[in-house]
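Subject: Structure for your review

Hello,

Here is the structure for you to look through. My notes follow below it.

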Amino acid sequence: MTLLSAENLKVAIDGESLLDGISLEIRRGETLGLVGESGSGKSMTALALMRLLPERARFSGRVLFEGRDLSDADERELCDLRGRHMAMIFQEPMTSLNPVQTVSGQIAEAIRVHRKGSRAEAAGEGRLLFERVGLGGLEPTRFPHELSGGQRQRVLIAMAVALGPSLLIADEPATALDATTQADILALLQSLVADGMGLLFISHDLAVVAKISDRIAVMREGKILETTESRSLAGLRHPYSRAMLAASAIRPRQTNASCPIPQAGEGSGATRASNILEATGLTKSYGRLRAVDGVSLSMKLGETLALVGESGCGKSTLGRMILALEKPDAGAVRIAGEDFTEARGAEARRVRRRVQAVFQDPYGSFNPRMRVAEIIAEPLHLAAPVSADVRRAEARRLLEAVGLEARDAIKYAHEFSGGERQRIAIARALIVKPSLIVLDEAVSALDVTIRAQILDLLAALRESLGLSYFFISHDLAVVRAIADRVAVMKAGRIVEEGAVEDIFLRPQQAYTRTLLDATPQLDVGDGQ
Amino acid sequence: MRRAPANLVAGAAITALFVGMAALSLVWTPYDPTAFNVPERLRPPSFAHWFGTDHFGRDVFSMVMAGARTSIAVAVLAAGLGLAVGAPLGLLSASAGRLLDEAIMRANDVVFAFPALLLAILLTAVLGPGQLNAVLAIGLFNVPVFARLARGSAKALWAREFVLAARVAGKGPLRISAEHIYPNIADTLIVQGTVQFALGVLAEAGLSYVGLGAPPPTPSWGRMLAESQTLAGVAPWLAIFPGLAIALCVLGLNLFGDGLRDRLDPKLARAR
């Protein structure tokens with residue numbers, strides 16, 4: 001039975017069309033997955049259905065909810081409808097909760113806004129809800145900052161379903177969560193749908209959408225390209241959907257039996273060529289928290305080592321110690337046999353030329369006041385001084401090497417898209433011809449098609465330049481595509497380390513298996 | 001870019017008016033602001049004397065014009081002094097280790113702990129009255145304002161990835177402060193500069209009111225107010241015009257600073 005149907009929704013802000021004729025239908029007890037890349041209009045669709053559009057937005061179209069036409073509903077009716085009959089949860093649970101109110105207080109308030117009743121009744125109902133969302137053991141007097149990300153998302157779900165809405169809109173509800181937590185939240189949402197609620201599930205992640213949805217709608221540039229009639233991704237026919245699917249289904253890397261060591265004969269000897277990175281007993285504490293606890297790692301030249309683990313396990317701290325950005329409490333890092341931890345001055349600069357980095361945030365990695373040529377040439381500071389002309393020429397050469405154009409050199413970083421910015425960041429890392437690049441979640445913030453392109457670029461550069469990558473990621477699918485070896489990190493320690501196929505096919509540790517099981521697998525179905 | 005904010009336009013106009021008046025007074029005033037003309041004393045505002053004359057027969061309009069020069073010169077120099085000393089201190093504090101950071105910021109707190117104007121009065125009382133000493137005294141209490149602001153803004157930038165990238169490029173804290181941090185906090189410092197400029201105008205008026213500003217016969221708004229006190233009943237214009245000048249000048253600078261902040265920080269402008 002149809003719960004909500006939208007016909008020809010159009011939204012424009014300042015003359016710019018954001019939604020261009022969206023029509024969709026959600027039935028009771030059904031999940032409609034809405035998938036698309038960033039900027040495709042997914043969130044705007046959710047806001048349009050809830051009529052929570054920005055003031056300047058111009059809206060047209062028809063929304064029928066439980067047989068009622070919402071086109072002529074006034075703000076008061078809409079307010080009553082929201083929360084009581086249709087509810088919404090968002091990606092970032094911390095900003096959606098009031099930081100100075102206990103979680104039970106916030107649930108009780110959500111109930112009392114729409115329904116008369118005593119405080120005690122609302123509190124009792126709140127407790128039941130907590131149990132429903134799997135927070136039964138939680139002390140109700142906790143504040144949002146005392147909860148984990150997953151618990152916060154559960155609190156938000158409890159608030160959203162408090163009044164038994166018939167429709168829940170979930171906008172990237174699990175994107176900011178770790179794989180294991182994400183799996184729990186998806187299971188919770190599925191159980192709510194099983195009780196008869198309709199769910200509009202918005203995500204950029206095809207694997208997650210395929211796992212939870214009954215039908216899938218693909219969005220691009222404010223339009224719905226197609227809607228499948230089943231949960232199988234094989235039903236996707238549109239070329240764009242197929243391209244997105246292909247980009248999401250990352251192929252495991254074809255690895256040689258042994259790690260490739262290019263140009264083994266070059267250099268001053270076998271030892272120099274063999275170990276580009278050697279970290280021994282790295283330890284770092286912040287106050288009482290031991291972020292990294294006696295980690296030792298080594299990497300051969302030309303090898304890609306992936307470091308995986310959930311957020312807060314110490315991955316980034318370890319990466320920063322390897323980059324000598326963070327001084328370890330104990331332990332040492334050697335790059336190509338040379339000490340990096342204690343190195344100072346000219347010596348440190350020499351070692352630094354061999355190890356560069358690409359960071360996660362394609363928007364925060366560049367000084368907004370510098371032109372691309374200056375950004376890319378910045379590490380030349382590590383080499384002997386060269387003239388401005390040489391710097392510019394080098395920057396242009398590298399722009400072409402990473403698939404951009406030489407004339408982009410005079411632009412500013414904000415003129416580029418996320419994927420292009422990551423290419424600039426890679427060019428910056430390459431300019432001093434390093435042997436090792438630390439990639440800290442370097443593709444995590446990118447859309448799937450862009451991510452696939454950047455991974456291809458990284459693979460090509462590795463082949464042509466003989467690079468080694470220290471690849472920090474929480475995304476196991478990506479890791480499988482690029483790594484030779486994988487190290488699994490938990491609570492500051494490496495719990496398992498091995499060749500990529502061994503880790504994925506024959507994990508030895510329970511924690512590794514948990515991580516692997518929690519990763520949604522992309523089931524391409526019977527399609528080619 | 002959307003329409004220019006009204007406060008920016010109004011603030012800039014008022015500020016320009018006072019700066020223009022001060023500049024003009026260097027070459028021309030209707031009368032000599034220091035010349036006594038006893039027969040013409042205590043005249044109310046008229047066509048001949050727009051703002052009237054004081055008890056020595058000096059033209060009040062000419063004195064307000066020349067007084068703008070004193071106020072603006074002292075306030076600008078004091079704000080500049082605070083910026084020139086405070087901003088590098090703040091940048092250093094943000095990039096230095098814990099010990100130096102603590103030392104700089106606690107020294108800041110000591111200066112902050114004294115009421116600014118009281119401190120300035122104390123200082124000029126010790127150093128002796130005069131424009132230069134007024135600049136030093138007002139500038140001194142501007143230093144911690146800029147230092148703290150620069151440190152706070154810089155600290156936030158130090159956590160950003162482009163600073164990490166600069167560190168990976170092997171740049172030291174001083175170079176990063178100069179090349180990456182400073183250009184990104186300059187806007188904030190300029191806006192604060194207009195606020196300190198306005199406060200400086202007030203402080204200069206306060207100092208000369210108690211006789212610690214520019215010595216006579218240099219015209220000054222604060223001293224004009226002080227001298228008008230006993231004559232307020234007979235010649236209210238003696239208090240009204242310099243008072244109005246101070247208020248309007250400070251208002252203009254504050255509007256200008258506000259508008260500048262809206263213009264330079266697009267996020268804030270959109271939120272309004």
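Strand S1 (residues 2-13) and strand S4 (residues 57-65) of chain A pair in the antiparallel sense, over eight bridges. Two strands pair if DSSP finds at least two bridges between them. Within this pairing, A:Ala12 stands opposite A:Arg58 of S4(A). The two strands belong to an open sheet of four, ordered S2-S1-S4-S5 in chain A, with antiparallel pairing. Its edges are strand S2 (16-27) and strand S5 (68-69) of chain A, each of which pairs on one side only.

On provenance: this is a predicted model, in which local features need pLDDT of at least 70 and side-chain atom pairs count only at pLDDT 80 or more, while totals for chains, interfaces and linings use all residues. Residues are numbered from 1 along each chain as its sequence is written, and chains are lettered from A and ligands numbered from 1 in the order in which they are written.

Chain A overall

Chain A has 19 helices and 20 strands. Its C-alpha trace spans about 80 × 50 × 45 Å along the principal axes. Of the 528 residues in chain A, 44% are buried. Buried means that 20 or more other C-beta atoms lie within 10 Å of the residue's own, exposed means 12 or fewer, and partly exposed is in between, with C-beta atoms placed from the backbone. Among contacts in chain A between residues at least 6 apart in sequence, 69% join residues at least 24 apart; a contact requires C-beta atoms, placed from the backbone, within 7 Å.

Domains

Chain A divides into domain 1 (1-85 + 167-246), domain 2 (95-162) and domain 3 (285-518), with bounds from an automatic or database domain assignment. The C-alpha centres of domain 1 and domain 3 of chain A are 35 Å apart. Their contact takes eleven residues from domain 1 of chain A and nine residues from domain 3 of chain A. On the domain 1 side, helix H7 (179-194) and helix H9 (239-248) of chain A are the elements that give two or more residues. H7(A) has the largest share of that side, four residues.

Two local points

In helix H4 (residues 103-114) of chain A, the buried residues include A:Val103, A:Ile107 and A:Ile111. Helix H5 (119-132) and helix H6 (149-161) of chain A are among what covers the buried residues of H4(A).

A:Arg462 is in helix H16 (residues 448-465) of chain A. A:Arg462 counts as partly exposed because it has 19 C-beta neighbours inside 10 Å. Leaving out residues up to four places away in sequence, A:Arg462 touches A:Thr304, A:Leu467 and A:Tyr469.

Chain A against chain B

In the contact between the chains, 18 residues of chain A meet 14 residues of chain B. Helix H12 (345-352) and strand S16 (355-358) of chain A each supply at least two residues of the chain A side.

Regards

Terms used
Two residues are in contact if their C-beta atoms, placed from the backbone, lie within 7 Å.
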